[in-house]
Amino acid sequence: YNTKHTAKPTNWNDLWSDKLKGKVGIPDFGWYGQTWLHAINKHLGGTEADVSKGVAAISELVKKYGAVVIKNQEQAIKAFSDESIFAMPYWNGRTFALQASGVPVDMAYVPGTIQLHNGMVIAKNTAFKEAANHFVNNTLDPELQLEMSRLFLYPPANSKAKLSPTLAHYAPPPTALQQVVSLDWAQINAGRVDVLERWNREVLR
């Protein structure tokens, strides 16, 4: 959120504010909008099997409150930088990068915060088993994770990786993970096509 133009959000509901009309960005479904939709839906009492509450709320955010659908990282950076938007669900590392470039933004970890789970999969019967395992082990190595933190400003996932004092502020606050919503991805993936159709029909049209 832009610290110059809005107070620190305490809840997802703060996005549905007259003060933020036309200044909220929402991630496109194909970016990480699917995850955010399910977080909003659960926040409103819905389930992974029925996203009606989330779809209705986001549709209202777009059509009544003028929210802007952000399709990719480059558009988000530009929108925050030229103050086309004041708030949106966003990544902590990218927020720190914007701060470093002089954009007055900060992170708020609200109840129902989303956490993107990126992982590596080794293909069965791969001809490059040794190299693939070496690569995966490298991604888990605490020292290499610290190097990633220095480069991209995201905190390490390995608890053995200890951030130096100069990097310590990149770590989320102790309460942040308690705010993360738990999602059933097997059910989400099973209904992905239908939910995408609803997004296109009810949110974008």
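This is a predicted model: local features need pLDDT of at least 70, side-chain atom pairs count only at pLDDT 80 or more; totals for chains, interfaces and linings use all residues.
Student: Let's start here. Which helix does phenylalanine 152 lie in?
Tutor: Phenylalanine 152 is in helix 6, which covers residues 142-152.

Student: Noted. Is phenylalanine 152 buried, exposed or partly exposed?
Tutor: Partly exposed, since its relative accessible area is 47%. Buried would need under 20%, and exposed over 50%.

Student: How many salt bridges turn up in the whole structure?
Tutor: Six. One of them joins aspartate 82 to lysine 78, at 2.9 Å from N to O. Aspartate 82 is partly exposed at 38%, while lysine 78 counts as exposed at 55%.

Student: Why would such side chains pair at all?
Tutor: In general, side chains of opposite charge can pair when their charged atoms come close.

Student: Which residues are linked in a network of salt bridges?
Tutor: Arg198, Arg201 and Glu202. Within it, arginine 201 bridges to glutamate 202, with the closest N and O atoms 3.4 Å apart. Arginine 201 is partly exposed at 44%. Glutamate 202 is partly exposed as well, at 23%.

Student: Switching to rings. How many aromatic pairs does a search of the whole structure find?
Tutor: Seven. Among them is the pair of tryptophan 31 and tyrosine 32.

Student: Is tyrosine 32 buried or exposed?
Tutor: Buried, with a relative accessible area of 3%.

Student: Why is the pair of tryptophan 31 and tryptophan 91 edge-to-face?
Tutor: Because the planes of the two rings are at 85°, and edge-to-face needs over 60. The ring centres of tryptophan 31 and tryptophan 91 are 5.5 Å apart.

Student: Which parts does that pair tie together?
Tutor: Tryptophan 31 belongs to helix 1, residues 29-43. Tryptophan 91 is in the loop between helix 3 (73-81) and helix 4 (92-100). So the pair links parts 60 residues apart in sequence. Tryptophan 91 itself is partly exposed, at 22% relative accessible area.

Student: Which residues form the cluster, then?
Tutor: Trp31, Tyr32 and Trp91 form one aromatic cluster.

Student: Which ring does lysine 21 lie over?
Tutor: Tyrosine 65. Lysine 21 is over its face, 5.6 Å from the ring centre.

Student: Now the inside. How many residues are in the largest nonpolar core?
Tutor: There are 43. Those with the most contacts inside the core are Leu15, Ile26, Trp36, Leu61 and Met88.

Student: Which elements give two or more residues to this core?
Tutor: Helix 1, helix 2 (52-63), strand 2 (68-70), helix 3 and helix 8 (192-203). Helix 1 provides the largest share, six residues.

Student: You mentioned helix 8. Is valine 193 buried or exposed?
Tutor: Exposed, at 55% relative accessibility. Valine 193 has its place in helix 8.

Student: How far is valine 193 from alanine 79?
Tutor: Their C-alpha atoms are 29 Å apart. Along the chain, the two are separated by 114 residues.

Student: Last topic, backbone. Which phi does asparagine 125 have?
Tutor: Near 65°, a positive value in a residue that is not glycine. Most residues other than glycine have a negative phi. Asparagine 125 is in the loop between helix 4 and helix 5 (129-140), and it is exposed at 73%.

Student: And what is the phi of glutamate 83?
Tutor: Positive, about 60°, although glutamate 83 is not a glycine. Glutamate 83 is placed in the loop between helix 3 and helix 4.

Technical notes
Residues are numbered from 1 along each chain as its sequence is written. Side-chain values use heavy atoms; hydrogens and water are left out. Rings of Phe, Tyr and Trp (its six-membered ring) pair if their centres lie within 6.5 Å; planes under 30 degrees apart count as stacked, over 60 as edge-to-face and the rest as tilted. Buried means under 20% relative accessible area, exposed over 50%, partly exposed in between (1.4 Å probe, protein chains only). Helices (H or I, at least four residues) and strands (E, at least two) are DSSP runs, numbered from the N terminus. A charge sits over a ring if NZ of Lys or CZ of Arg is within 6 Å of the ring centre and within 35 degrees of the ring normal. A nonpolar core is a set of buried Ala, Val, Leu, Ile, Met, Phe, Trp, Tyr and Cys residues joined through side-chain atoms within 4.5 Å. A salt bridge is a side-chain nitrogen of Lys or Arg within 4 Å of a carboxyl oxygen of Asp or Glu.
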